[in-house]
Amino acid sequence: MQTAAVPAADVTISIPCHRSGPYIAQAVESLLGQTYRNLTVVVVNDGDPDPPWPLLAHLDDPRLVRFDLSANHGRYFADAVVLEWTTSPYFLVQDSDDWSDPKRVETLLLELRRQHAGAAVSARRVEGAGASQEIQQWPLLGTPLAERMEHRVNHQGLFRVDALRRVGGFHPGFRIGYDTLLMNLLEMVDRVVAVDTPLYYARVRPGSLTTSPDTGFGSRQRAVAQGRLERLYTHALQVYRRYLTGATGADELAGAIRRLVLGSSRPADVAALRTEVTRLSRVRSPVNGR
């Protein structure tokens, strides 16, 4: 079957990893094997003392960037480093223990452009730990935002870089749950669209952020993070409601949300982020690094 042609455009892919074990190679290979070829895959070792590089030693592809953070900060910090570093117009999120259908990038890019959206996600197939190959879709997308923050869609998708930056990007100070708030914020200022075909394969495994006793659902750490996220959502929702009534404009809405996100970041996290972006730029130029 012949696929539709996609005009060439850079896509930067962020894969933060920490104790990903044997899964990282499959994740990276699934991206380097995409039908859409004009991409850069940045694997970020998030302070793991046992780095994944031996598991990727067989990959000799100039599109692959290997980068070690100086310390463990969490996946949103790692994504923020790559987002600040890139000069690509598009940004894709991938977990280090998941993998992608070969046509994921091509399909999402076509849909994002077709619908003039800020982000495009696909349905995903969940495997492992009794998931029985469950297919998850996102029926809440496009419905009115709720009084309390909802998990409307997962953030493993393709984004316009300018849309992400418009809402403050990935928060460097959160380790759990920020993707839920991020997707709500994007829906306040832009369109998030979905492809019903499952192009993303999520692996449920012991010890991940969502299954670990320390960080999983029901844990104290997750409850604390959820409280902080709910407060940020409430503030953003107030501004969004003023926008809906015409009391404020679209640019004012986006600016207020961006200031809310950036203003809630600790100076130490922002300083660490800038340091790591500089280090990544020395490892690989986003312009002429190929």
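Predicted model: local features only at pLDDT ≥ 70, side-chain atom pairs only at ≥ 80, totals over all residues.
Residues are numbered from 1 along each chain as its sequence is written. Local features need pLDDT of at least 70 and side-chain atom pairs pLDDT 80 or more, while totals for chains, interfaces and linings use all residues.

Helix H1 (residues 24–32) is largely enclosed by the rest of the structure, because seven of its nine residues are buried (under 20% relative accessible area, with a 1.4 Å probe and protein chains only). The buried residues of H1 are Ile 24, Ala 25, Ala 27, Val 28, Ser 30, Leu 31 and Leu 32. Their cover includes strands E1 (11–17), E2 (39–45), E3 (64–68), E4 (90–93) and E5 (99–100), together with helix H3 (104–114). Helices (H or I, at least four residues) and strands (E, at least two) are DSSP runs numbered from the N terminus.

One cavity of 30 Å³ or more is present; a cavity is a set of points on a 1 Å grid over the protein atoms alone where a 1.4 Å probe fits but cannot get out, and lining residues have an atom within 4 Å of a point. The largest cavity holds about 40 Å³ of space, a volume being the space filled by probe spheres set on the points. Its lining consists of Val 121, Ser 122, Arg 124, Trp 138, Asn 154, Gln 156 and Tyr 200. Strand E6 (residues 119–127) gives the largest share of this lining, three residues.

The second largest pocket contains about 320 Å³ of space; a pocket is an open set with protein on both sides within 12 Å along at least five of seven lines. Among its 16 lining residues, Glu 84, Gly 168, Leu 262, Val 270 and Leu 273 are the closest to its centre.

Definitions and conventions:
Heavy atoms only, no water. Buried < 20%, exposed > 50% of the residue type's maximum accessible area, 1.4 Å probe, protein only. Contact = heavy atoms within 4.5 Å.
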